[in-house]
Amino acid sequence: MSTKKHDQFSMQNPLTQYPQPPFPAQGQPAPGLDAKMNPEPDHGEATYKGFGRLAGRRALITGADSGIGRAVAIAFAREGADIALNYLPVEQADAREVVKLIEAEGRRAVAIPGDLKDEQFCKSLVDQAHEQLGGLDILVNVAGKQVARKDVGQVSSEQFDATMKTNVYALFWLCQAAVPLMPAGATIINTASIQSYQPSATLLDYATTKAAIVAFTKALAKQVVERGIRVNAVAPGPIWTVLQPSGGQPAEKIPHFGEQVPMKRPGQPAECAPLYVLLASQESSYITGEVFG
Ligand code: NAD
Ligand code: MG
């Protein structure tokens with residue numbers, strides 16, 4: 001089964017625009033590879049059309065190898081931005097494809113793999129991105145860890161700690177390093193979740209981090225507005241990415257992923273990217289401290 005390609009602008013029924021459940025049963029060890037998903041997600045490779053809304057901007061995107069981060073990287077490159085991409089070293093195969101897609105737009109792609117659970121790495125990531133891109137105008141925090149467990153007793157301290165470090169501490173370390181380097185007009189975009197407000201029973205630790213991201217976003221926005229920096233968050237519903245079949249959901253839920261929402265299907269990464277573009281661009285100049293579901 002392959003994901004139906006569509007024209008980004010022609011009017012059509014959103015219910016049937018993309019694959020609907022049931023999906024084939026599938027699973028991969030975390031963090032997983034996009035290329036092994038069935039159907040393959042749409043990141044806008046064939047469809048996203050840019051209008052120069054981020055011309056000359058320099059962006060650091062975490063989790064840029066796959067899923068939502070890949071769709072954001074493609075969209076930003078087509079809007080004219082140069083991009084530093086972070087991902088885990090084991091995700092090199094996915095990242096290589098993203099680098100090619102960015103370079104195909106004539107934009108710079110600086111690949112900086114590494115583990116965001118490490119404070120020193122987070123600091124050096126921001127410094128390297130800033131140095132190699134010649135500045136830093138946009139920070140997009142997309143990387144995230146999600147491991148489903150049915151019982152609180154099954155959440156080990158190691159898992160709890162790793163989820164907190166990846167989703168919350170890294171956000172703190174990256175923002176702390178980036179803010180002093182950013183000019184007025186710069187933007188930070190964080191990735192929360194529907195789990196921030198409507199937590200699933202199986203996502204105790206993950207949902208807790210996603211609620212924290214909402215508070216962090218609003219507090220930081222109030223603080224850095226004095227510098228002319230805006231901070232917002234995107235809170236996606238169920239999106240068809242490798243996060244889910246690599247331990248993010250119990251295996252039996254994958255064939256029916258997204259079925260319970262009003263659209264009766266999961267969203268595609270390509271359907272998230274335009275919101276990140278809006279929040280990164282000057283078009284959203286009067287929007288800060290907001291979370292977009
Ligand atoms: P994804 O697996 O494609 O992206 C997650 C990325 O996080 C990975 O590609 C990996 O590069 C990165 N990552 C994880 N641990 C890391 C670490 N220790 N160091 C560096 N990078 C690390 O899945 P996705 O669904 O596109 O996830 C992107 C974001 O969207 C996450 O923050 C996730 O919580 C959020 N989100 C996803 C959904 C969904 O349904 N897919 C819904 C709401 C929010
Ligand atoms: Mg990945």
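**Close-up 1. Surroundings of F121 in the predicted model.** Residues up to four places away in sequence being left out, F121 touches N86, I112, P113, G114, D115 and L116 in this structure, which is a predicted model. F121 itself belongs to helix α3, a helix made up of residues 119–133. With a relative accessible area of 14%, F121 is buried, since a residue under 20% relative accessible area counts as buried.

**Close-up 2. The magnesium ion (ligand 2) and its protein donors.** The ion is shown with the three residues D65 (OD), S66 (OG) and E91 (OE), whose donor atoms lie 2.1 to 2.2 Å from it. Along the chain, the donors of this magnesium ion follow the spacing D-S-x24-E. D65 is found in the loop between β1 (58–62) and α1 (67–78), while E91 is found in the loop between β2 (82–86) and α2 (92–104), so the pair ties together parts of the chain that are 26 residues apart in sequence. Both D65 and E91 are buried.

**Close-up 3. Ligand 1 and polar atoms around it.** In the side chain of D65, an N or O atom is 2.7 Å from an oxygen atom of ligand 1, and a polar side-chain atom of K210 lies 3.0 Å from an oxygen atom of the ligand. The backbone also takes part in this view, for an N or O atom of the G67 backbone lies 3.4 Å from an oxygen atom of ligand 1. Taken alone, ligand 1 exposes 800 Å², of which the protein buries 97%.

**Close-up 4. The shell of residues around ligand 1.** There are 31 residues around ligand 1, and those that come nearest are S66, E91, V142, Y206 and T241. Sorted by class, the shell consists of 14 nonpolar, 12 polar and five charged residues. The elements that contribute two or more residues to this shell are α1 and α5, the latter spanning residues 204–224.

**Close-up 5. Q249 and its contacts.** Q249 is buried, its relative accessible area being 15%. When neighbours within four places in sequence are set aside, Q249 is in contact with Q146, A148, Q244, I254 and F257. The side chains of Q249 and Q244 are joined by a polar contact of 3.0 Å.

Key. Residues are numbered from 1 along each chain as its sequence is written. Chains are lettered from A and ligands numbered from 1 in the order in which they are written. This is a predicted model: local features need pLDDT of at least 70, side-chain atom pairs count only at pLDDT 80 or more; totals for chains, interfaces and linings use all residues. Side-chain values use heavy atoms; hydrogens and water are left out. Donors are N, O and S atoms within 2.8 Å of the metal (3.2 Å for Na, K and Ca); water is not among the atoms, so sites may look incomplete. Helices (H or I, at least four residues) and strands (E, at least two) are DSSP runs, numbered from the N terminus. Buried means under 20% relative accessible area, exposed over 50%, partly exposed in between (1.4 Å probe, protein chains only). A polar contact is a pair of N or O atoms within 3.5 Å; within protein, one must be able to donate a hydrogen and the other to accept it, and residues adjacent in sequence count only if both atoms are side-chain atoms. Contact means heavy atoms within 4.5 Å. A residue is near a molecule or strand if one of its heavy atoms lies within 4 Å of it. Accessible areas come from the Shrake-Rupley method with a 1.4 Å probe; for residues, only the protein chains shown count as cover. Ala, Val, Leu, Ile, Met, Phe, Trp, Tyr, Cys and Pro count as nonpolar, Asp, Glu, Lys and Arg as charged, and the others, Gly among them, as polar.
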